[in-house]
Amino acid sequence: MIGYVLKTVWRHRTRTLLTVTGAAVAMFVFCLVGSVQEGLNRLTTGNDADRTLIVFQENRFCPTTSRLPEDYSHKIKDIPGVRDVMPIQVWTNNCRASLDIVVFNGASPAQIQKSRPIELTSGSWQQFASQRDAAIVGRNIANRRGLKIGDQFTIGEISVKIAGVFKSKVPSEENLIYTSLAFLQFTRGLDAAGLVTQHEVLLTADADPDRVATEIDAALRAGAVATKTRRKGAFQASTLSDLVDLIGFAHWLGFACVGLVLSLVATTTVMSVEDRIKEYAVLQVIGVRPMRAMRLVLAESTTLCLIGGAVGTAMALAALSLGGFAIGAEGATIAFRPSLALAGYGLIVSLVVGIVAGTAPAIQAATVPIVDALRRT
Amino acid sequence: MALVELRGVFKSFRKGDETITPLDNIDLDIHAGEFVSLMGPSGTGKSTLLNLVSGIDRPDSGTITVDGTEVNKLSRSKLADWRAANLGYIFQTHNLIPVLTAYENVELPTLLLKLSAAQRRQRVELALEAVGLSNRADHYPRQLSGGQEQRVGIARAIVAHPKVVVADEPTGSLDAETSEQVQVLLQRLNKELNITMLMVTHDSNVASIASRQLMLDRGKFLEAIRS
């Protein structure tokens with residue numbers, strides 16, 4: 001009988017097209033919102049977020065306001081539990097929330113290669129390490145800005161030569177542009193010789209991050225600038241706190257999209273069953289069991305929802321893959337990335353919504369008084 | 001023993017303040033291979049009786065037995081199974097599924113039986129051949145004339161080899177010439193395939209093709225016009 005369902009869906013093309021389109025648009029938005037939520041979760045959880053510490057100037061938020069002595073790294077390195085320290089100068093074109101944020105991280109090329117979870121997809125480390133104004137760019141921002149090797153990229157007072165494009169297991173990394181520390185420190189306007197924005201601290205396997213963070217702040221208390229050290233995940237969540245609230249709100253938008261699909265498919269299915277109630281009565285006269293009539297309606301609503309959901313999800317994943325979207329604030333960025341989990345989630349939501357949307361009309365089709373339905377013209 | 005037995009069948013329903021009794025303590029026997037027509041004025045319970053025999057309606061009291069199965073005691077699901085295996089229903093308005101071809105419409109009842117694909121195909125082809133529509137198998141209902149649609153409806157009713165075929169005004173929506181063709185077809189199916197038939201009609205000419213004609217009025221059989 002599944003053939004009957006597919007033929008019904010195919011031969012009521014206008015209804016199918018409208019319902020599928022509506023479901024696809026709603027699921028497209030749902031998946032985009034879901035990718036933002038996923039991006040935030042990736043940023044604040046995982047090994048990189050948990051086992052790395054960020055030392056920042058106390059009571060400062062925007063990267064331009066945090067100015068720590070570069071030589072703090074030596075003192076930090078002496079603290080038990082610290083494996084390595086990377087002084088980083090951060091420059092961003094916009095400290096407020098932005099969908100096209102550009103963030104430069106200046107650090108030692110050797111340390112970047114050794115400690116950051118990145119892999120060049122094109123270009124050379126050697127050129128990056130040897131050329132003063134060379135930069136390697138994450139593939140997300142490369143996509144978004146159309147950057148390729150050999151390009152000169154200028155923004156504000158900074159002008160760099162693209163020496164490589166990298167990918168990373170940590171999606172937010174792919175929104176960054178790395179330069180050498182010295183290049184960024186001596187950029188006009190930053191006036192940061194001997195200063196850095198933050199120190200990134202890598203821990204030994206057995207170190208307790210919170211204990212080490214407390215010890216770092218205590219050790220630097222007597223220095224020129226007081227520090228606040230946190231796990232990288234907590235640091236980024238705090239930096240993006242305004243955005244976190246907005247993303248929490250956007251989550252409701254995702255639920256609203258699910259509600260929209262539910263309402264759309266339920267309305268279409270109810271109207272379809274109303275229009276074809278005599279057909280369902282005829283099927284039962286022929287010998288179709290009430291439960292099977294119910295399954296036919298459920299299969300129809302689920303098919304419509306799944307097709308729409310699959311199309312919307314696929315469109316969203318394609319847009320996320322090609323668009324290189326990211327949102328950021330104060331130098332931290334959230335990458336919107338397609339993922340298998342997101343695809344699976346989109347399809348499961350479509351399936352569940354299809355079943356829920358079809359339940360009431362399915363019961364109607366299964367319990368219709370046959371004689372009354374046959375009398376309808 | 002009769003194939004269809006109705007004993008003391010009573011059916012009434014309320015319409016506003018009025019109680020209507022379309023069937024009042026009816027007894028009826030229909031033997032295997034018989035062709036029974038049921039006549040009577042509008043609203044006298046002809047279709048109600050047909051619906052009770054088909055198991056799509058239930059009597060207030062009395063028993064309806066078809067080939068030894070007391071159909072009025074079956075659950076809705078069991079009744080559906082029973083209809084799939086034992087009953088063919090010919091509607092006045094054809095009631096074909098518009099999105100399915102003539103072949104697919106006729107095939108529908110066979111999908112509910114335990115048949116192989118080859119057996120299904122053979123049955124559908126034979127049924128379409130029996131009603132003279134083998135060459136219209138791929139046509140959709142909207143591409144068929146009223147008479148052809150009714151013949152597809154008849155093929156659908158006989159394809160599962162039911163024990164009983166019931167027909168509710170099978171020529172009611174057809175012109176005279178097409179009605180004549182359908183009558184001949186029904187008669188042929190009864191005689192050649194020995195299908196037991198119960199047909200409701202308000203047209204005495206159509207009723208005359210049956211081997212036994214019954215007249216129903218105000219819930220009772222008036223007389224056997226011809227047996």
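What follows is a conversation about how contacts, packing angles and confidence are described in this predicted model.

Author: This is a predicted model, in which local features need pLDDT of at least 70 and side-chain atom pairs count only at pLDDT 80 or more, while totals for chains, interfaces and linings use all residues. Residues are numbered from 1 along each chain as its sequence is written, and chains are lettered from A and ligands numbered from 1 in the order in which they are written.

Reader: What makes α2(A) oblique to α14(A)?

Author: α2 (13-44) of chain A and helix α14 (residues 340-367) of chain A pack at an angle of about 135°, with their axes 10 Å apart. Axes are lines fitted to C-alpha atoms, for helices over the stretch in contact, and angles run from 0 to 180 degrees between N-to-C directions. Angles under 35 degrees count as roughly parallel, over 145 as roughly antiparallel, 65 to 115 as roughly perpendicular and the rest as oblique. The value of about 135° falls in the rest, and α2(A) is therefore oblique to α14(A). The crossing of these two helices, α2(A) and α14(A), is right-handed, a crossing being left-handed if the near helix is turned anticlockwise from the far one by less than a right angle, and right-handed if clockwise.

Reader: Which residues of α2(A) and α14(A) meet, and how do they divide by class?

Author: From α2(A) come M27(A), F30(A), C31(A), G34(A), S35(A) and E38(A), and they meet L342(A), Y345(A), G346(A), V349(A) and S350(A) in α14(A). Two residues are in contact if their C-beta atoms, placed from the backbone, lie within 7 Å. The residues of this contact divide into 6 nonpolar, 4 polar and 1 charged, where Ala, Val, Leu, Ile, Met, Phe, Trp, Tyr, Cys and Pro count as nonpolar, Asp, Glu, Lys and Arg as charged, and the others, Gly among them, as polar.

Reader: Why are α1(A) and α13(A) called oblique to each other?

Author: The axes of α1(A) and α13(A) come within 10 Å and cross at roughly 50°, and the two helices are therefore oblique to each other. α1(A) passes α13(A) in a right-handed crossing, with I2(A), Y4(A), V5(A), T8(A) and V9(A) of α1(A) and L296(A), A299(A), E300(A), T303(A) and L304(A) of α13(A) making the contact. By class, the residues of that contact are 7 nonpolar, 2 polar and 1 charged.

Reader: What makes α3(B) oblique to α4(B)?

Author: The axes of α3(B) and helix α4 (residues 117-130) of chain B come within 9 Å and cross at roughly 125°, which makes α3(B) oblique to α4(B). The crossing in which α3(B) passes α4(B) is right-handed. The contact of α3(B) with α4(B) has 6 nonpolar, 1 polar and 3 charged residues.

Reader: How many residues does each chain give to the contact of chain A with chain B?

Author: Chain A gives 18 residues and chain B gives 19 residues. On the side of chain A, α1 (2-11), α12 (277-286), α13 (290-323) and α15 (370-375) each supply at least two residues, and α12(A) gives the most, with 6 residues. The residues of this side of chain A divide into 10 nonpolar, 3 polar and 5 charged.

Reader: How do you know which element of chain B has the lowest mean pLDDT and which the highest?

Author: pLDDT is the predictor's confidence in each residue, from 0 to 100. Helices (H or I, at least four residues) and strands (E, at least two) are DSSP runs, numbered from the N terminus. Among the elements of chain B, strand β10 (residues 220-226) has the lowest mean pLDDT (65), and helix α3 (residues 102-111) the highest (95). For chain B the mean pLDDT is 90, and 98% of its residues reach 70 or more, while the model scores ipTM 0.92 and pTM 0.78.
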